[in-house]
2 protein chains.
Amino acid sequence: MSRRPPFPQQLVNAWAAQSSLLCVGLDPIPERFPNGVSRDPAGCFEFCRRIADAVADSVCAFKPQFAHFAALGAERELAELIAYLHDRHPHVPVILDAKRGDIGSTAERYAQEAFVRYDADAITVNPFLGPESLAPFLAWQDRGVVVLCRTSNPDSAWLQGSGSDTAPAYLKIAAAAAEWNRHGNVMLVTGATYPKELGRIRAVAPNVTLLVPGLGSQGGDLRASLAAGLDSRGRGLVFNVAREVLYAAEDETFEAAARNAAAMWRERIELCRADVRGL
Amino acid sequence: MSRRPPFPQQLVNAWAAQSSLLCVGLDPIPERFPNGVSRDPAGCFEFCRRIADAVADSVCAFKPQFAHFAALGAERELAELIAYLHDRHPHVPVILDAKRGDIGSTAERYAQEAFVRYDADAITVNPFLGPESLAPFLAWQDRGVVVLCRTSNPDSAWLQGSGSDTAPAYLKIAAAAAEWNRHGNVMLVTGATYPKELGRIRAVAPNVTLLVPGLGSQGGDLRASLAAGLDSRGRGLVFNVAREVLYAAEDETFEAAARNAAAMWRERIELCRADVRGL
């Protein structure tokens, strides 16, 4: 059995087939599960599976969040979930959000974990230890390597903005990512809460796809992010939304509520995208 | 059953009782296991258990490395190993090397993973997302929070050294760690390969214990690290050595070889420490 297409191809296909720049983050929080879904590893799998089935028509990617599984010892369920997504929604790439970062030989083990054990299409990585810590991931040319750059949280400038104003750390990362992107498989995490910085990143990395968290409760600016971040082909952005979709309702209507919320976010992004592009 | 003593107390006790600043990193690499130890999760547990038993007299801490277990799906064995260490070597704190780093609510899940699921005494964390990403770990006052600062690898200056020479990122982290260290449970990772930087970190964080990797094959400078890093009480340092101990021999003599290697490292550090202190 041949594997799935290379990650960048998956993403281009999904953008086109789904008409969507929306990624739904799968962050299972047992305390918020509706009645009838068990608050244990099996429930994590079931909840995420039902959410994914409900929202699949509206998304270009899924992003399961490692910590929410690991805290419960639900690694087997995480692997089962990714296998399920590949099987039922083969056109939707799966980004494992694990923010790994370690030196050479250890990073190789993390790449093994993400790409063999979990068979993720892409993984988020932390560049704090330098380029050599990312090389073992980049060696997997058919998988996506999603590098933290300027994250959406209030504190993100603390280290990411260190350096001079003309050469902050996050732009150094962005410029390096543009170099590493020979196979089109590198992405950068850039919060919608910092559209000005997002625009600076786009300027130094014109062909790198940006994974953009921070819409919804974090107050990120969709229009400004689109205006600053769309690439020359009018795409190049993936907006992650998690809780506003997963927990749109916390009762037995949760699947319908998630479906509606995802469809609404997809459409909101598409309308704003067309508007920004002057279409 | 009451839990173990607070992490800083464990470390002070272990330094004194063991006369050692040596931490042995537990990085199981199945390809290097001797014949008779299976190259699977069960073998990872067995190998680490036998190494730990062999070296326990020479160490002040154990540091299991998460990636080496996760790549093989050996989380259960990692949990069993930590439980075994607590049971058989209760005076030796266990630092889980997982380099976690994520925003608030997700970091809480990672703290849950480290301190509840695995019952580690301490965890390594990555500060790239800013202070709020570390707060959920710091809330566990009886556990150790070991913050990456200036790592031992050749690339570490890439981001860690960003900023001006007088105010590089790693010194910002060190100064913050000194603030966070009200309960004495914060540590900083500072490579023996950069003793000058280690000294600058010690200057801004005089009471923070430093976890120092990079001796052995990385070529770190033991004497310079001791001279720059010992605190006012002549301790405050934990030197991590992994492969030079674990794989001192890769045949059936591996336990004796590891025991000898750990004893040699312990003694080398102690002799150099006495010499540096002029005792």
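Here follow questions and answers on a predicted two-chain model.

Residues are numbered from 1 along each chain as its sequence is written, and chains are lettered from A in the order in which they are written. In this predicted model, local features need pLDDT of at least 70, side-chain atom pairs count only at pLDDT 80 or more, and totals for chains, interfaces and linings use all residues.

Colleague: How many helices and strands does chain A have?
Modeller: Helices (H or I, at least four residues) and strands (E, at least two) are DSSP runs, numbered from the N terminus. For chain A the secondary structure comes to 12 helices and 8 strands.

Colleague: What radius of gyration does chain A have, and why does it agree with a compact globule?
Modeller: The radius is taken over C-alpha atoms, and the globule rule is 2.2 Å times the number of residues to the power 0.38. With 279 residues, the rule gives a radius near 19 Å, so chain A agrees, at 18 Å.

Colleague: In what order do the strands of the open sheet in chain B run?
Modeller: Two strands pair if DSSP finds at least two bridges between them. The sheet has 8 strands with parallel pairing. Strand 2 (61-64) and strand 3 (95-100) of chain B each have a single partner strand, so they stand at the edges. The order is 2-1-8-7-6-5-4-3.

Colleague: Which residue is the bridge partner of I95(B)?
Modeller: Strand 3 of chain B runs parallel to strand 4 (residues 122-125) of chain B, joined by 3 bridges. In strand 4 of chain B, the partner of I95(B) is A122(B).

Colleague: Which helix of chain B gives the most to the side that touches chain A?
Modeller: Residues are in contact if their C-beta atoms, placed from the backbone, lie within 7 Å. The contact takes 37 residues from chain B and 38 residues from chain A. Helix 3 (66-70), helix 5 (104-117), helix 7 (157-160) and helix 8 (169-180) of chain B each supply at least two residues of that side. With 6 residues, the one that gives the most is helix 5 of chain B.

How values were computed
Contact = placed C-beta atoms within 7 Å.
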